[in-house]
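Here is a quick tour of a chain, one piece at a time. Have a look at the sequence and the model first, then read on.

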Amino acid sequence: MGEPQKRIPVTVVGGFLGAGKTTLVNHLVQSAKLRFGVVVNEFGETGIDGSLIENVDADGVAELTNGCLCCVGREDLISALFRLTGRKEKPEHILIELSGLADPVPVAQTLLDPFARTRFELDGIIGVADARNLERTLGEVPEGAVQLAYAGAVVLNKTDLSSPPQVAEAQALVQRINPLAKVYPTARARVAPEQLLRLRSFHPDWPPQDHHHLHTPHLQTFTLRATRPLERHRVNAFIDRYLIARPDAVFRAKGYLSVRGFKQQILLQSVREIFSLEESDRPAEAPSELVVIGRNLDQREYEEAFRGL
Ligand SMILES: Nc1nc2c(ncn2[C@@H]2O[C@H](COP(=O)(O)OP(=O)(O)OP(=O)(O)O)[C@@H](O)[C@H]2O)c(=O)[nH]1
């Protein structure tokens, strides 16, 4: 006879593309004194998001790569959760990081189904929003509000890139969408873990009966690939011309690039017109891959431009 199982709290982290979900997950893993399991929902088919999770060993991270977790991933999600808890050292808390396009409600519903409830307890939904871009994003993609509407806590991130009036406006906007949420303005998602974990915010009559599952429409995602090393000056020109010069069309890009002269791959991340380049720990022999998410983009044009780097 096994010992009775304690239910493991699960926190769902949702929010807009590039708002800082992975940054928050890494911060929680690093600062909360708990053994974590992490489920990452990739929107592209590459393993980029999983590789960005730090301080959790590979067996403690489950990647779901089949697109929108909210519609096709129910069984996958439950299997991933059971896989994480099948380890000898069971996680004490599980974080599910949604792709920036997913609706958190069906995921929360999955966790509340009777089978999942034998082992897991939905602890809370956290929404991550980018204080600098929130108004613009909601203007373009109003359906995105669902990612904040059901959150118990909203991390209003990137205050370092926003002016105080921008932060105040974004905070007011979040409270209009969700007057019940606690809002934490911050940079680099540095909110004290006890504000976000072990909230036990769900009672059995959740979820709302009238929730209609929403998709964020008209967004494209594609992966650009190249096998030979890229030239640095061409990469710079590509970033200028195809990513940051089109902030209303390219919402998010991230990937690993092998650039001539560098022994490790370079991690490129962009969120609208802000971008960063960092040396990663991946060897530069691997092919370059860049996931691009945006709207009204000519994929062929991007593929050709990337091939020419
Ligand atoms: N300046 C600044 N940059 C930030 C902050 N938080 C995150 N970033 C950067 O913003 C980019 C996106 O952050 P992520 O944590 O990957 O965002 P995400 O929401 O997980 O992204 P997706 O999963 O692609 O939707 C990265 O380059 C981060 O380093 C912040 O508070 N300030």
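## The E10–E11 pairing

Gln 264 has Pro 283 of E11 as its bridge partner. That bridge belongs to a set of 7 joining strand E10 (residues 264-271) to E11, and the two run antiparallel. Strands here, like helices, are DSSP runs numbered from the N terminus (helices are H or I with at least four residues, strands are E with at least two). Two strands pair if DSSP finds at least two bridges between them.

A note on the source: this is a predicted model, where local features need pLDDT of at least 70, side-chain atom pairs count only at pLDDT 80 or more, and totals for chains, interfaces and linings use all residues. Residues are numbered from 1 along each chain as its sequence is written.

## The sheet around it

Zoom out and you get an open sheet of 5 strands, ordered E8-E12-E9-E10-E11, with antiparallel pairing. Strand E8 (220-226) and strand E11 (274-283) sit at the edges with a single partner strand each, so one side of each has no neighbour in the sheet. From one strand to the next, the twist averages 15 degrees.

Helix H12 (residues 299-307) lies across E8 and strand E12 (288-294), and runs at about 20 degrees to E8. For that angle, axes are lines fitted to C-alpha atoms, for helices over the stretch in contact, and angles run from 0 to 180 degrees between N-to-C directions.

The chain is divided into domain 1 (8-196) and domain 2 (220-307), with bounds from an automatic or database domain assignment. Taken over C-alpha atoms, the centres of domain 1 and domain 2 are 25 Å apart.

So where does the ligand go? Both domain 1 and domain 2 give residues to the shell around the ligand, so it lies between them. There are 23 residues around the ligand, and Lys 21, Thr 22, Thr 23, Gly 100 and Gln 269 come nearest (a residue is near if its C-beta atom, placed from the backbone, lies within 6 Å). Helix H1 (21-31), strand E9 (250-257) and E10 are the elements giving two or more residues to that shell, and H1 gives the most, with 3 residues.

By class, the shell has 7 nonpolar, 9 polar and 7 charged residues. Ala, Val, Leu, Ile, Met, Phe, Trp, Tyr, Cys and Pro count as nonpolar, Asp, Glu, Lys and Arg as charged, and the others, Gly among them, as polar.

## Asp 103 and helix H5

Asp 103 is in the loop between strand E4 (93-97) and H5. With 25 C-beta neighbours inside 10 Å, Asp 103 counts as buried (buried means 20 or more other C-beta atoms within 10 Å of its own, exposed 12 or fewer, partly exposed in between, with C-beta atoms placed from the backbone).

Helix H5 (residues 104-111) has 6 of its 8 residues buried, so it is largely enclosed by the rest of the structure. The buried ones are Pro 104, Val 105, Val 107, Ala 108, Thr 110 and Leu 111.

## Strands E6 and E7

Strand E6 (residues 153-157) pairs with E7 in the parallel sense over 4 bridges, and Val 155 has Tyr 184 of E7 as its bridge partner. In strand E7 (residues 182-185), Val 183 and Pro 185 make up the covered face, while Lys 182 and Tyr 184 are on the uncovered one. In a regular strand, side chains alternate between the two faces of the sheet.

Terms used. Two residues are in contact if their C-beta atoms, placed from the backbone, lie within 7 Å.
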